[in-house]
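Here's a quick briefing to read with the model open beside you. Take it topic by topic and find each piece as you go.

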Amino acid sequence: MDPQSMISTVAMENGGMKGMSKEIRPGKTAHNRSSSSLRKKSSVRLVSNVRCAMLRNVLSNLQEVFLGTKLAILFPAIPVAIFAHYYNFGRAWVFGLSLLGLTPLAERVSFLTEQIAFYTGPTVGGLLNATCGNATELIIAVLALSQNKIDVVKYSLLGSILSNLLLVLGTSLLCGGLANLHKEQKFDRKQADVNCFLLLLGLFCHILPLLLKMAAKSGEIDAALPTLSLSRAGSIVMLVAYVAYLVFQLWTHRQLFETKEDSDEDETVEEEVPVIGFWSGFSWLAGMTVVIALLSEFIVGSIEDASESWGISVSFISIILLPIVGNAAEHAGAIIFAFKNKLDISLGVALGSATQISMFVVPLCVIVAWIMGIQMDLDFNTVETGCLALSIILTAFTLQDGTSHYMKGIVLLLCYVIIGACFILLRTPSNKPNILNMVNRSTNSQILGLKGFDLILGLKNA
């Protein structure tokens, strides 16, 4: 069997290629194009020589899933991280290996959702991408909530938004500007405007609980005002806005979010076909979600130990390190397309991910915490909320004229650098009890008790 026939056989697995007609083939969004830049075609000649059809399909799936990405070299970090965890290696090693293992898994989840979209059509495929696009951040957040590590949840989600707005977008604009010095770089402002509007709405829902808390501390309003209830109401509003955004993106204004192919590229690129069957893709997606959950549990459980071992604050690891490593594949794709002067794709990746986290993952975590009986609100503290607000406003100003040059990228990157320096210095109190503080509190209470006892005896003698 020749390689092309074998690909067609795999693609026809489980009931044919539903949705493969030209009219309903899923459109290429920025996330699809960005992820595909890190994929590579694996040769099917060896697999095609296997006579058993079932074994041939299994080997073909294994080859496409594990060898179909340029990040395949990082897959060995997954079993090593599991081995290090169960054989009590250093917790910092477990944390670092788990981070490396999440990098290819995040890219493979995007690949599998795209494969499933070939069979389900663009609408269901878009919904899958809207819910699974930031599966890593969501799983880490839920596991951290289950361990009542609310600060880790807030820091990691805030870091994902900041890294997309400043690091990814800044690097893309810088690299694109330097690679195209003699070309005028333009992009479609319509998609960027929609994302900026939603980010500003999310920021508004973050600022209100913070303002109420500050007003309560200053005595302007009742200190018992339920900011937690306001946060939950704001989360519901944000989820409603995100659903409206999905309708806008997938139905009414889909053309704004589909990237346009270049005419010369259309002539050279072959027509894409699915290389994995529907049920195979669904099974691989479920299995990888389980592995992501396992590695995420290792990360959440060892983040404090890694902080102590490396001498870095938990806030810096959660806000800076986690998002950079966890979304490295998607970020690299955005930068690659910026080099090719395709800023619409880069903007779609950076702004789309930031919007998805801000308007879907963050409020969903507040609702999940509400169900679990955990008091998580939208108050991300003063410094963190200030960084978020300035980043969103700066990004909106950067994209307002529909053109780009490398100076805009430099400014965004320098803002990210100074935010990173801020969180290196900002050390939040650890959740672990400090024995010295406990001894001091115990000693102080004993001294106060003795003084009170002497005062009582003095009053009686008087």
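A crossing of two helices is called left-handed if the near helix is turned anticlockwise from the far one by less than a right angle, and right-handed if clockwise. Keep that handy for the helix pairs below. What you have here is a predicted model, where local features need pLDDT of at least 70, side-chain atom pairs count only at pLDDT 80 or more, and totals for chains, interfaces and linings use all residues. Residues are numbered from 1 along each chain as its sequence is written, and side-chain values use heavy atoms, with hydrogens and water left out.

**The whole chain**

- The chain has 19 helices and two strands; helices (H or I, at least four residues) and strands (E, at least two) are DSSP runs, numbered from the N terminus.
- Of the 462 residues in the chain, 49% are buried. Buried means under 20% relative accessible area, exposed means over 50%, and partly exposed is in between (1.4 Å probe, protein chains only).
- Take the contacts (heavy atoms within 4.5 Å) between residues at least 6 apart in sequence: 84% of them join residues at least 24 apart.

**α15 against α16**

- Helix α15 (residues 328-339) packs on helix α16 (residues 343-372) at an angle of about 155°, with the axes 7 Å apart. Axes are lines fitted to C-alpha atoms, for helices over the stretch in contact, and angles run from 0 to 180 degrees between N-to-C directions.
- So α15 and α16 are roughly antiparallel to each other. The cut-offs are under 35 degrees for roughly parallel, over 145 for roughly antiparallel, 65 to 115 for roughly perpendicular, and oblique for the rest.
- α15 and α16 cross in the left-handed sense.
- On the α15 side you'll find Glu330, Ala334, Phe337 and Ala338, which meet Leu343, Ile345, Ser346, Val349 and Ser353 of α16.
- Sorted by class, the contact of α15 with α16 has six nonpolar, two polar and one charged residues. Here Ala, Val, Leu, Ile, Met, Phe, Trp, Tyr, Cys and Pro count as nonpolar, Asp, Glu, Lys and Arg as charged, and the others, Gly among them, as polar.

- Helix α10 (residues 189-217) crosses α16 at roughly 30°, and their axes come within 9 Å. That makes α10 roughly parallel to α16.
- The crossing of α10 and α16 is left-handed. Residues in this contact include Leu198, Leu199 and His206 of α10, along with Leu351, Thr355 and Met359 of α16.
- By class, the contact of α10 with α16 splits into eight nonpolar, eight polar and no charged residues.
- α9 packs against α16 at an angle of about 170°, with their axes 9 Å apart. The two are therefore roughly antiparallel, and their contact has 17 nonpolar, six polar and no charged residues.

**Two residues inside helices**

- Look for Ser296 in helix α13 (residues 278-310). Ser296 is buried, with a relative accessible area of 0%.
- Setting aside neighbours within four places in sequence, Ser296 is in contact with Leu102, Thr136, Ile139, Ile140 and Leu143.
- Leu174 sits in helix α9 (residues 150-179) and counts as buried at 18% relative accessibility.
- Beyond neighbours within four places in sequence, Leu174 is in contact with Tyr406, Gly409, Ile410 and Leu413.
- Leu174 and Ala338 are 164 residues apart in sequence, yet their C-alpha atoms are 8.6 Å apart in space.

- Most residues other than glycine have a negative phi. Now check out Asn88: its phi is positive, near 55°.
- Asn88 is in the loop between α5 (77-86) and α6 (91-120), and at 66% relative accessibility Asn88 counts as exposed.
- Asn148 has a positive phi too, of about 60°, and lies in the loop between α8 (135-146) and α9.
- His253 is in the loop between α11 (227-252) and α12 (263-268). At 29% relative accessibility, His253 counts as partly exposed.
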